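This report describes one protein model, from its overall dimensions down to single residues. The sequence and structure come first.

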Amino acid sequence: MRRALAAGALLALSIGCDGTDAPPDGGAAPDAGPGALAVTLEGPGHAFPDVEVCFAARATPPADRYTWTWGGGETEETTTPEACHAFPFVGPRVVGVTAHAGDERADATRTVTVVFEPSDPRPTHASPIVVRGADVWVVNPDADTVARLAADPPALRAEIAVGERPRALAVTDGVVAVACQGDATLHLLDASDGAPRETVALPAGSEPWSVVADPRGGGFFVALRAGAIVSVAPDGAVRDGVAVGPEPRGLAMNAEGTLLATRWRSTDEAAFVTTIDARDPATLALVGETALPTQRGLNSDTDNDGVLSFLGRAVPSPDGRRALLPALKANTATGLFRTGEPLESQTTARAALGEVTFGAPDAPATDSFRHSFDDLAYASALAFSPLGDRIYVAMQGTGSVVIADAFDFFTVASIGAVGEAPQGLALSADGETLYVQAFLSRSVRAYDVSDRSSEPPLVAEVRTVAEEPLAPRVLEGKRIFYRSGDPRMSRTGYLACASCHLDGEGDALVWDFTQRGEGLRNTISLRGRAGVAPLHWSANFDEVQDFEHDIRAGQGGTGFLDDAVFEADDRDRPLGAPKAGLSAELDALAAYVASLDDVGDAPAVDADAAARGRAIFEDPSVGCATCHRGPTLSDSRFEGDGTPRLHDVGTLGAGSGTRLGEPLTGLDTPSLTGLWRSAPYLHDGSAPTLRDVLTTRNPDDRHGVTSGLTEAQLDDLVAYLRSLD
């Protein structure tokens, strides 16, 4: 056992002794009048497990003896005013002392947080904002730029053009690496001034989502949405790559060389974290995948069943022993068809954290814990304090930051109005300044978090984009799309359009919408659709403004239309009188959805196989192009009498439900663009792969005559379908 201080010495710890005497860290008994015994307790605010730390009781007048309580039932008696103790477990501990002077006694307490010693070097994680020395670096995804800010006082140094849709950056060895999703590039900049060094071209359509610096120095690791992690040297040389499964996004790495990657979108049954052995950056090794199963039996006004969804971050604790996963918990476990229990707005989805523990570099991470937040939608980013005793959690929909204990996740404070759609958090090295990237405010806000007894004040706000890249109405619509804190969108703050359609995509989950007059519904991506009606699998909306119905019902919002307007002229049903032009907010929302006209580039497939597959697709005897035709590969439309063109392709079942409360006779034909990123398939998500669509979910050849195709022909047809962009 090591002793941090000699007994009797005035306490000072390099890990956080502040000598404060004031409650709650230290305090005396209430004043009992002149001459009454009083005591204060001095000592460190932090300790390491099994490392002895010392405390001093200052009694006036001097006491005869002292009774110390260390938590967990441990007590100790001393005749001197100093005592030392080693705490075996991490977490907050309340140290107490009772001073005795004859028949008089006085009490004081002090809170000590026991933390694991931070590793050297510190762990790293992928983020859209990074503090390094005197600089703050932040991505601007809509503007295709990176901003370099002075850290203290916060001010813009430069805005630097990079590739399309930069999503994350990392800094090491004097190099800033920027992962650009849109054009599949990694841009390397000089960390001293932002000057371009190299542009690394990654595979077409691979969509580099995030990048993390090796904490040991010597390069970066990049997550490709197409399903791989690649290792890149500081000079831009690609050293190795390893296939890791679908959609790796959040990256975290500890000093031992263990690299974690979250899967961005979950299945209805589990979320996933993959472990990679990156001890040798030139030879990456896939270790295994850890499932974080769906939770059940929790529905209440403070929690809900469900699976962690949209795992965009993995943030390691300073000691590198665990990682927290900010997320949304999506309740696809509950519904009238599945459980007989209706989905309420407060049990549909909420902000949540997952926790996994690091193993050795060659051992998978271990699922550890879940925590849910009340009245908040989607935890989008997280930062640990330098010693790992506190966490700062960004809440995207409410534009706020929750400050919580890092061990029990109890909320101790919050910061409101941090900007539109915060997606990145970073702390200064001393932990006294919190930087918040407000993605849709186009700014970074700095807060003084040095005083833990009061709400952190705003120090500065720095705009990171000189010229707004979006049209005003599209930008406003995008902000509305992400907001859950507006009671018109959600009275409880839980839900926004982005809860299921983050980044304009679908969450890849299957919801039970039976109570909405529908059924089991696989979330459709909005990208490439441009908001063109009909909307939804059952063609139950004919304009984006019809989402007023979902907002008022499923999301628990008051709506963006006045009740009198909503209820007049048959507008209170989805296919009633048009709602366009009646609400500036709904029209802005429609403008944003209309801007989502591009699905991006498909990952490369075998060109010869795709050409053969196209011929099969267009063969009249197979029949795919009968319904999937034209520029959108869909015959979706409303007929002249307002009836939607629906098809029963043999996939309807007991859970398919109804259409607007009436019998469901068929389904709208979905566009086939972007199929590579939209698994699972079909209206009920019952086809995990495109091959399943053509085989196991097409037993009677009602969805194309595919039963006579050979295995090779099926492979070719799938290759063609995966090439569609």
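In the charge count used here, Lys and Arg are positive and Asp and Glu negative, while His and the chain ends are not counted. The place of a charge is NZ of Lys, CZ of Arg, CG of Asp or CD of Glu. On this basis the protein has 59 positive and 103 negative side chains, and the centres of the two sets lie 2 Å apart.

The model is predicted: local features need pLDDT of at least 70 and side-chain atom pairs pLDDT 80 or more, whereas totals for chains, interfaces and linings use all residues. Residues are numbered from 1 along each chain as its sequence is written, and side-chain values use heavy atoms, with hydrogens and water left out.

**Overall form**

The protein has 10 helices and 43 strands; these are DSSP runs numbered from the N terminus, with helices (H or I) of at least four residues and strands (E) of at least two. Along the principal axes, the C-alpha atoms fill a box of roughly 100 × 60 × 45 Å.

Of the 725 residues, 58% count as buried (under 20% relative accessible area; exposed is over 50% and partly exposed in between, with a 1.4 Å probe and protein chains only). Among contacts (heavy atoms within 4.5 Å) between residues at least 6 apart in sequence, 56% join residues at least 24 apart.

Strand β17 (residues 185-190) is largely enclosed by the rest of the structure, because six of its six residues are buried. Thr185, His187 and Leu189 point one way from the strand, and Leu186, Leu188 and Asp190 point the other way.

Two strands pair if DSSP finds at least two bridges between them. β17 runs antiparallel to β16 (residues 175-180), joined by six bridges, with valine 176 opposite leucine 189. The pairing of β17 with β18 (residues 196-201) is also antiparallel, over five bridges; there histidine 187 has threonine 199 as its bridge partner.

Both pairs form hairpins. Four residues separate β16 from β17, and alanine 184 in that turn has a positive phi of about 55°. Five residues separate β17 from β18, and glycine 194 in that turn has a positive phi of about 85°.

**Helix α6**

Eight of the 11 residues of helix α6 (residues 584-594) are buried, among them Leu586, Leu589 and Tyr592. Their cover includes α2 (472-482) and α4 (547-552).

**Backbone exceptions in loops**

Most residues other than glycine have a negative phi, and most peptide bonds are trans. The table gives exceptions.

| Site | Feature | Angle |
|---|---|---|
| Aspartate 152–proline 153 | cis peptide bond | omega about -5° |
| Alanine 679–proline 680 | cis peptide bond | omega about 0° |
| Arginine 442 | positive phi | phi about 60° |
| Aspartate 570 | positive phi | phi near 70° |

Proline 153 is in the loop between β13 (145-151) and β14 (154-161), and proline 680 in the loop between β43 (662-663) and α9 (690-694). Arginine 442 lies between β37 (433-438) and β38 (443-448) and is buried, with a relative accessible area of 3%. Aspartate 570, in the loop between α5 (563-567) and α6, is partly exposed at 35%.
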